[in-house]
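Here is a note for someone opening this model for the first time. Please read the points with the structure on screen.

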Amino acid sequence: MRVGLILETWNRAGGGAERWIAQFHDHLRDAGHEVHVIAFAVRDRDGIAELHLLADPGTLLGRAEAVAAAAARLPPMVLHDSGTGWSAHVFHPQTGSRLLSLERMMSARGFADRLRWRVDPRMIRLRRAMALVEARAMRRAERIVAVSRALQRMFVARHAVAEDRIAVIPNGVDTARFAPARLAPLRQAQRARLGLREDELMLLSVAHNLWLKGVDISLRALALARRRGARARLVVAGGAPDAEWHALVARLGLGDAVVFAGDVGAIETLHAAADAMLHPTRWDACSLSTIEAMAAGLPVVNSAANGAADLIRDGANGFVLPRAEDAGRLADIILALRDPALRARIGEAARRSAEGADLAANCRAVEAVLLGCAAASGQGSG
C-alpha cells in the first residue's frame, strides 16, 4: 500500500500528535508499505524515504488548498490527515477539534482577553477558517478516526457524521519505554538531578500549550496544598513560560516549588523521578501524556475534558476532576497522594489499564482503516 501522511510539521520530538505520527510512519514503513510524508516544515528528515515539503502559505485555508494541489500531483495513494487539510481518505484529528481547543484555551484568560478574542477581526477569520477546514475534512473523508468515545459523540453532534463512518481507536503509547521496571533504576539519580528531597512529592505536568492543559490550575492547587503542609514540587515539561507565567508563579509564592523544564527528549526520565501526574486539561481528545504516565505506574489526576478519561475509574486507577477548574479538589488529591500506599495502589492499577493502550496495537488498528480505504477505492495499490 502507498500511504501519504499529511501534517503541518514533522517533528519526532514534538508534541503528542507529532510524536504519534512519526511512530505511525515507522510502523507503516516496517510493515512494508511505501510511506510519503506531506508537510510544510520538517525538524528531522531521518528515516523519511519520501518527503514532499510544501511551501507554507501561512494560513489554515492556504495550507488546506496547498495539500489538495499536492495530492493531485502525487501518485495514487491513501491519504491520512491528522488535521491539516480536507483532501484525505482518512481524517484522524489528534487534537479532535482545533476550534474547540482554541475556545477552551481562551476560556482560561481574563474577561478583557476573551472580549478581544471575540471581536478581533483576525481571530474571527481564524475561527471561521478552523470551522471550514474541519467541516470539509469531515464531509469529504471516507473514514474518520476518533481517538475517544467523547470525540466520536462530538463528531456526530457537531457535523452530523454517521457513526458507521467513524472508527473509535484510542491512542496508544510505547508501554515498554515507560515500564516501571525500566524506570525504577533511574529514579534516585533523576531526583537528585532535580534537587528533590527524599520526602518531597514530585508532581509532573506534560504540556506544550500551558493554558489549554490547565497548568495554571495545577499551580493554584499546588499553592493550596503547600499552605496545608504538603512538601511538593511541580515539574512542567513541554511549553516555555513567558513573563505572565513567571508572574503567576511569583504571585502564588511558588518560586522554589516549580520547575519549567522545557522540551525533554527522554521524557521517561521525568516519569522515573515523579510520584504523580497532574493533567487538569481544559480539552484533550485523548492525551498521550496521560497514557504514558499511566504506563509508567503513576497516579494521574485528569479532568473529564480529556478523552483519555475513558481509561480511568475515579479513585481506582486514577482520579478524574468533573470540572478542570476545581483547584480545591485537585489540592485535596495532592494532599492524599502523600500516602505512599495510595500512590502504589493507584499507580499499579493505572499501569495495568495502560497495557491495553499499546502503541503497536493502536498502529495496527489505524493501518487496518487505511487498508480498507485502499481496497474500497483502488488507491494506494502501487
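1. Helices here are DSSP runs of H or I with at least four residues, strands are runs of E with at least two, and both are numbered from the N terminus. Angles run from 0 to 180 degrees between N-to-C directions, with axes fitted as lines to C-alpha atoms, for helices over the stretch in contact.

2. A word on the source. This is a predicted model, where local features need pLDDT of at least 70 and side-chain atom pairs count only at pLDDT 80 or more, while totals for chains, interfaces and linings use all residues. Residues are numbered from 1 along each chain as its sequence is written, and side-chain values use heavy atoms, leaving out hydrogens and water.

3. Two strands count as paired if DSSP finds at least two bridges between them.

4. Follow the pairing from strand S1 (residues 2-6). S1 and strand S3 (residues 34-39) pair in the parallel sense over 5 bridges. Here valine 3 has valine 35 in S3 as its bridge partner. S1 also pairs with S6 in the parallel sense, over 4 bridges. Isoleucine 6 has aspartate 81 as its bridge partner in S6.

5. Stay with strand S6 (residues 78-81). S6 and strand S7 (residues 90-91) pair in the parallel sense over 2 bridges. Aspartate 81 has phenylalanine 91 as its bridge partner in S7. Is S6 covered on both faces, or where is it buried? Val78 and His80 on one side and Leu79 and Asp81 on the other are all buried, which covers both faces. Buried means under 20% relative accessible area, exposed means over 50%, and partly exposed lies in between (1.4 Å probe, protein chains only).

6. Helix H1 (residues 16-30) meets H15. Their axes come within 10 Å and cross at roughly 70°. That makes H1 roughly perpendicular to H15 (65 to 115 degrees; under 35 is roughly parallel, over 145 roughly antiparallel, the rest oblique). Trp20, Gln23, Phe24, His27 and Leu28 in H1 meet a set of H15 residues, among them Leu359, Cys363, Val366 and Leu370. Contact means heavy atoms within 4.5 Å. Nonpolar covers Ala, Val, Leu, Ile, Met, Phe, Trp, Tyr, Cys and Pro; charged covers Asp, Glu, Lys and Arg; the others, Gly among them, are polar.

7. Trp117, Arg118 and Val119 in H4 meet Pro121, Met123, Ile124 and Arg127 in H5. This contact holds 5 nonpolar, no polar and 2 charged residues.

8. Check alanine 160. Most residues other than glycine have a negative phi. Alanine 160 has a positive phi of about 55° although it is not a glycine. It sits in the loop between helix H6 (149-159) and strand S9 (166-168). Alanine 160 counts as exposed, at 68% relative accessibility.

9. Now the other sheet. Here 6 strands form an open sheet in the order S12-S11-S10-S13-S14-S15, again with parallel pairing. Strand S12 (258-262) and strand S15 (319-321) stand at the edges with a single partner strand each, so one side of each is left without a neighbour in the sheet. The twist averages 25° from one strand to the next.

10. Helix H13 (residues 327-336) lies across S10, S13, strand S14 (300-303) and S15, running at about 165° to S15. Its buried residues are Ala327, Leu330, Ala331, Ile333, Ile334 and Leu335. They pack against S10, helix H9 (215-227), S13, S14 and S15.

11. Finish at arginine 233, in strand S11 (residues 232-238). Is arginine 233 buried or exposed? Arginine 233 is buried, with a relative accessible area of 12%. Its side chain reaches the backbone oxygen of glycine 195 at 3.1 Å.

Methods
A polar contact is a pair of N or O atoms within 3.5 Å; within protein, one must be able to donate a hydrogen and the other to accept it, and residues adjacent in sequence count only if both atoms are side-chain atoms.
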